[in-house]
Amino acid sequence: MSDVPEKGEGWVRIPGSLYKVIKERLNELGVGSVEEFVIQVVRQAVEELTHKGVEITEDERQAIEKRLRELGYL
Amino acid sequence: MIAPHGGRLVNRTLEGDMRGEWLARIGGWHKLEIDYERVVDVENIAMGIYSPVEGFMCRKEYEAVLKEGRLTDDTVWTIPIVLDVDKDDIRGDRVVLCYKGRVVGVMEVEDVYRYDKEEMAKYVYGTTDVRHPGVERMSRMKEYLVGGKVWLLNRVETKLSKYRLTPKETRVLFELKGWRTVVGFQTRNVPHIGHEYVQKAALTFVDGLFINPVIGRKKKGDFKDEVIISAYEELIRHYYPKDSVVLVTLHMEMRYAGPREAIHHAIIRKNYGCTHIIIGRDHAGVGDFYPPYAAQEVFQRYPDIGITPLFFKSFYYCRKCGTVVNERICPHGDEYRVNFSGTKLRKAFQQGMDDEVRLLVRPEVAKAIQKYKQPFVE
């Protein structure tokens, strides 16, 4: 990953034992390095974290429902 | 309901008083004529189909997408959404985007920059071969790109606009139908029984099927948009359970970018509210530019995409099984196989159906296609 810094901001330590477990199972995990695995897992967690619904007002909902009925979807 | 990509659904459509105010202000602004493919990009941005993208990409965003397959905030994104211009096309920091002289929207210009077409082709298409339709199209692009957020003022209506819904509308539709899980099906073809089999196999495990044909520029020999819609309407009418499927069009040019475009297609369906997407053999591919299952393998690189891909092997009709199968469920050899070849189907519709082709296409679908004198893009 070209944008991962050597140290400083964005550089994270993980316990050595955890590092070792991941390193031994790279093939099984389908990744090329510990770093790649950690990034994958964190990205998935962030994706879930930013999970937000879509705000639709009642007026909007009614207008949409009307249009969907007119178009034959409902 | 599944979250939109990047966590929020973009809405950059100006309506009501706000729209009136903008229309009154733009008279003296520089006008830029854009082609229909860029018009639909503006519309797709504004309606949230490309969420979280809010405009044509500036240099930093463009380079991140090209080189990392992600936006600068790390969100998965694989296809550059760009507007090509000549150097002198841009004057001022706001430009009125027009199509055939009619105002479509406004762009807040942030960046005008040169780009390397060969580099873009290599990253997006994996080739610089101009026989690839995407590369060929790119070779005709202008030398600069302009980036900035857009606002939509007027949609361009087409004869198929009635099939076009916004992600907000599809999300309400799914909710009203009581669908918690929805599988998206991307297509640029008329349906044969192999497509139907894949769709129904997926539908077995989810609440609803979202058939979403791409409407827009395609290559010579592809089926025309209206033919695809008619064929699907017939298939749905005769062969699908009521209330388990909806047909909505996606107005966007096909880029034939294989794996990268498969990711793009998945993101778009996620924005529509799909929880799953079907990815078959050679998804969004063309000729032999991509390995047959590259578009499935690429999903391993993006585990945080937030939509579940359902991978399918290629289907064929097996004379011994007497049904549509794939190599994972059929033990019989090549001598029993009738493949769903697009070339075979095209030929059949030009020269007449034989018994073999009748095994591959529903009669009602064939009839709908045969109503058209020239069903193919010329």
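Start by selecting strands E13, E14 and E15 of chain B: in this predicted model they form an open sheet in the order E14-E13-E15, with antiparallel pairing. Strands here are DSSP runs of E at least two residues long, numbered from the N terminus, while helices are runs of H or I with at least four residues. Two strands pair if DSSP finds at least two bridges between them.

Now colour E14 (323-326) and E15 (337-339) of chain B. Each stands at an edge with a single partner strand, so one side of each has no neighbour in the sheet.

Next, zoom in on E13 (residues 315-318) of chain B. How many bridges join E13 to E14(B)? There are 4, and the two strands run antiparallel. Click B:Tyr316 and you'll find its bridge partner in E14(B), B:Val325.

Time to zoom out and show the whole of chain B, with its 13 helices and 15 strands. Its C-alpha atoms fill a box of roughly 70 × 45 × 45 Å along the principal axes. Of its 378 residues, 45% count as buried, meaning that 20 or more other C-beta atoms, placed from the backbone, lie within 10 Å of a residue's own.

A note on reading all this: residues are numbered from 1 along each chain as its sequence is written, and chains are lettered from A and ligands numbered from 1 in the order written. Because the model is predicted, local features need pLDDT of at least 70 and side-chain atom pairs count only at pLDDT 80 or more, while totals for chains, interfaces and linings use all residues.

Key
Buried ≥ 20, exposed ≤ 12 C-beta atoms within 10 Å, placed from the backbone.
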